[in-house]
Amino acid sequence: MIQVNNLRFSYGQDDFSLQIDELSIHKGQSVAWTGHSGSGKTTLLHLVAGIVLPETGRLESCEVELTGLRDSARRDFRIRNIGLVLQDFELFEYMSVLDNILLPYRINRSLQLTSSVRTRAKQLANEMGLEQLILRRPTNLSHGEQQRVAVCRALITNPKMVLADEPTANLDPGNASRVLDALDLYTKQNGATLVVVTHDNKIHNRFDRTIDVSSFCFQTQSENVGDLNDER
């Protein structure tokens, strides 16, 4: 499901780089990506999603080689195949919760918005404890509620793979467990692959594998590692 070979990525003149000789994650596996702040967890997630491209190497997601695709083709690939939960959620403030969940069907013509899809969107909202909030806009939601909306949107297209960047970071223990249960249930029922970036050591036992992304990260100024932006 994810195959990386001889990958190299850096941020221009920055001292940060990722170097991965080989990484394989199989279909149906659930994996936690860990590592210190600035070690490249988010960057690697963005690479696997095709948001950014490596400088060199081969990167395959969902049996598609991403490095040969143009930006528009990678965007279509993400919408069809990947459920993505980013740290900033990327919700549209002028849309209701329900319409934000249904957004992939609004922006990709290959996805057909049907009554059954609308029903599924409401069911996902119910599972996330958002059933009373589907007509609200994101500005009237708490940070944790917005995060759960993003999780619903990631699952609405029945993706082959779910990539979630700190999906429980803003949640209380009860709602964090609700989100993890939903992700786990979806991946098991659909044979999907799950990758979760997390700092929370207490949830590692929920996953089939734990990968320390720090082992792929190189800095020429190692004394500054702790100061690097955690968004990486």
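Q: Which residue of S8 does Trp-33 stand opposite?

A: Trp-33 stands opposite Val-197 in S8. This is a predicted model, in which local features need a pLDDT of at least 70 and side-chain atom pairs count only at pLDDT 80 or more, while totals for chains, interfaces and linings use all residues. Residues are numbered from 1 along each chain as its sequence is written, and side-chain values use heavy atoms, with hydrogens and water left out.

Q: What makes S3 and S8 a pair of strands?

A: Two strands pair if DSSP finds at least two bridges between them, and strands themselves are DSSP runs (E, at least two residues), numbered from the N terminus like the helices (H or I, at least four). S3 and S8 are joined by four bridges in the parallel sense, so by the definition they pair. S3 and S9 also pair in the parallel sense over four bridges, and in S9 the bridge partner of Ala-32 is Thr-210.

Q: How do you know which strands stand at the edges of the sheet?

A: The open sheet has five strands in the order S6-S7-S8-S3-S9, with parallel pairing. Strand S6 (82-85) and strand S9 (209-212) each have a single partner strand, so one side of each is left without a neighbour in the sheet. Neighbouring strands of this sheet are turned by 15° against each other on average, direction ignored. Within the sheet, strand S7 (residues 161-165) is joined to strand S8 (residues 193-197) by five bridges, and Ala-164 has Val-196 as its bridge partner in S8.

Q: Why is strand S3 called mostly covered?

A: Buried means under 20% relative accessible area, exposed means over 50%, and partly exposed lies in between (1.4 Å probe, protein chains only). Five of the five residues of strand S3 (residues 30-34) are buried, and therefore the strand is called mostly covered. Both faces are covered, with Ser-30, Ala-32 and Thr-34 buried on one side and Val-31 and Trp-33 buried on the other.

Q: What makes helix H1 largely enclosed?

A: Eight of the nine residues of helix H1 (residues 41-49) are buried, so the helix is largely enclosed by the rest of the structure. Among these buried residues are Lys-41, Leu-44 and Val-48. H1 is followed by Gly-50, whose phi is positive, near 80°.

Q: Why is Ser-115 called exposed?

A: Ser-115 has a relative accessibility of 59%, which is over 50%, and therefore it counts as exposed. Its place is in helix H5 (residues 115-127).

Q: What is the phi of Glu-90, and why is this residue called partly exposed?

A: Phi of Glu-90 is near 55°, a positive value in a residue other than glycine. Most residues other than glycine have a negative phi.

Q: What makes a space a pocket, and which residues are closest to the centre of the largest one?

A: On a 1 Å grid over the protein atoms alone, a pocket is an open set of points with protein on both sides within 12 Å along at least five of seven lines, whereas a cavity is a set where a 1.4 Å probe fits but cannot get out; lining residues have an atom within 4 Å of a point. The largest pocket has a volume of about 420 Å³, a volume being the space filled by probe spheres set on the points, with grid points joined across faces, edges and corners. Of the 16 residues that line the largest pocket, the closest to its centre are Ile-79, Leu-84, Glu-90, Ile-107 and Arg-153.

Q: How do you know where confidence is lowest among the named elements?

A: The predictor's confidence in each residue is the pLDDT, from 0 to 100. In the chain, confidence is lowest in strand S10 (residues 217-219), at a mean of 74, and highest in helix H3 (residues 97-101), at 97. The chain averages a pLDDT of 89, and 93% of the residues score at least 70.

Note on methods. Axes are lines fitted to C-alpha atoms, for helices over the stretch in contact, and angles run from 0 to 180 degrees between N-to-C directions.
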